[in-house]
Amino acid sequence: MQTSFFRKFPLFADLDDRELAAIAAVAKSRRYAKDDVVFYADESGDIFCLIREGQVKVTMISPEGKEIILKLLGPGDFFGEMALLDDEPRSATVVATEPLELVTIWRNDFLQILAENFTLTKKVLAELSRRLRSASSRIESLATMDVYGRLARFFLDLARDQGKVLDNGYIAVTRPTHQAMANMIGTSRETVSRLIHDLMRQNLLISEGKTVYLKKTAIEQFKEEAT
Ligand code: CMP
């Protein structure tokens, strides 16, 4: 793989050609079909993964068999760093939700790259910090909010992370399936569908396929609901 290929990943954007060449020499490409499991929670872990194309869900299965989605990750995101850093088993199961192409790096190569590039190490630590903040916010919302508040916070996070402000003032976001949203906020698919229909009836949002258009008034209402 060429060095220019690696520069497109935000994680590697600041590296010079020599550093990128060192990464290119040890990285491999792997493809998965939709619904393939990349790895299971509790397995031992040997590879660090970067998403070139597609999406994965990071999940945990409760003892009753219920799926909890911790995070959806897409192009440019990475996963699989935790087991390599703390020498513990994988902390979660990772499943392809779309056809997936990964760039993978073996444990020892990954640890060596971190040891040689503090800028890159800081980016990995910054992402771990973001994920910890997000997990803390999830714990807070699960412990203190009703399901409407949790859905409101979900939409606010989505708007902040990937919302596009349109000329008409609406904010466009791409939403996961109702089932995936339910598994992220700890409720049923039926409840998510009912709440979204209520919000549409109140004219706060428009849902067209996978795109949701949030009105400014919805954002204001969600902020009140989710704080
Ligand atoms: P690892 O434990 O090696 O394997 C599972 C991966 O899922 C983990 O590394 C992280 O990359 C990722 N992961 C685990 N928990 C979360 C979370 N709460 N948010 C985002 N990603 C996570």
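Mentor: Welcome! In this predicted model, local features need pLDDT of at least 70, side-chain atom pairs count only at pLDDT 80 or more, and totals for chains, interfaces and linings use all residues. Residues are numbered from 1 along each chain as its sequence is written, and side-chain values use heavy atoms, with hydrogens and water left out.

Trainee: Why is threonine 93 called buried?

Mentor: Buried means under 20% relative accessible area, exposed over 50%, and partly exposed in between, with a 1.4 Å probe and protein chains only. Threonine 93 has 10% relative accessibility, so it counts as buried. This residue sits in strand E7, residues 93-96 (strands, E, are DSSP runs of at least two residues, and helices, H or I, of at least four, numbered from the N terminus).

Trainee: Which residues come nearest to the ligand?

Mentor: They are Gly80, Glu81, Ala83, Arg90 and Ser91, out of 13 residues around the ligand (near means that a heavy atom lies within 4 Å). An oxygen atom of the ligand is 2.7 Å from an N or O atom in the side chain of serine 91. For glycine 80, a backbone N or O atom lies 2.9 Å from a ligand oxygen.

Trainee: What makes phenylalanine 9 and phenylalanine 12 an edge-to-face pair?

Mentor: Rings of Phe, Tyr and Trp (its six-membered ring) pair if their centres lie within 6.5 Å; planes under 30 degrees apart count as stacked, over 60 as edge-to-face and the rest as tilted. The structure holds 9 aromatic pairs. In this one, the centres are 6.1 Å apart and the planes at 75°, so the pair is edge-to-face. Phenylalanine 154 and phenylalanine 155 are edge-to-face too, at 5.9 Å centre to centre and 65° between the planes.

Trainee: Are phenylalanine 9 and phenylalanine 12 buried or exposed?

Mentor: Both are buried. Ring pairs also link Phe5, Phe6, Phe9 and Phe12 into a cluster.

Definitions and conventions
Polar contact = N/O pair within 3.5 Å; in protein donor to acceptor, adjacent residues only side chain to side chain.
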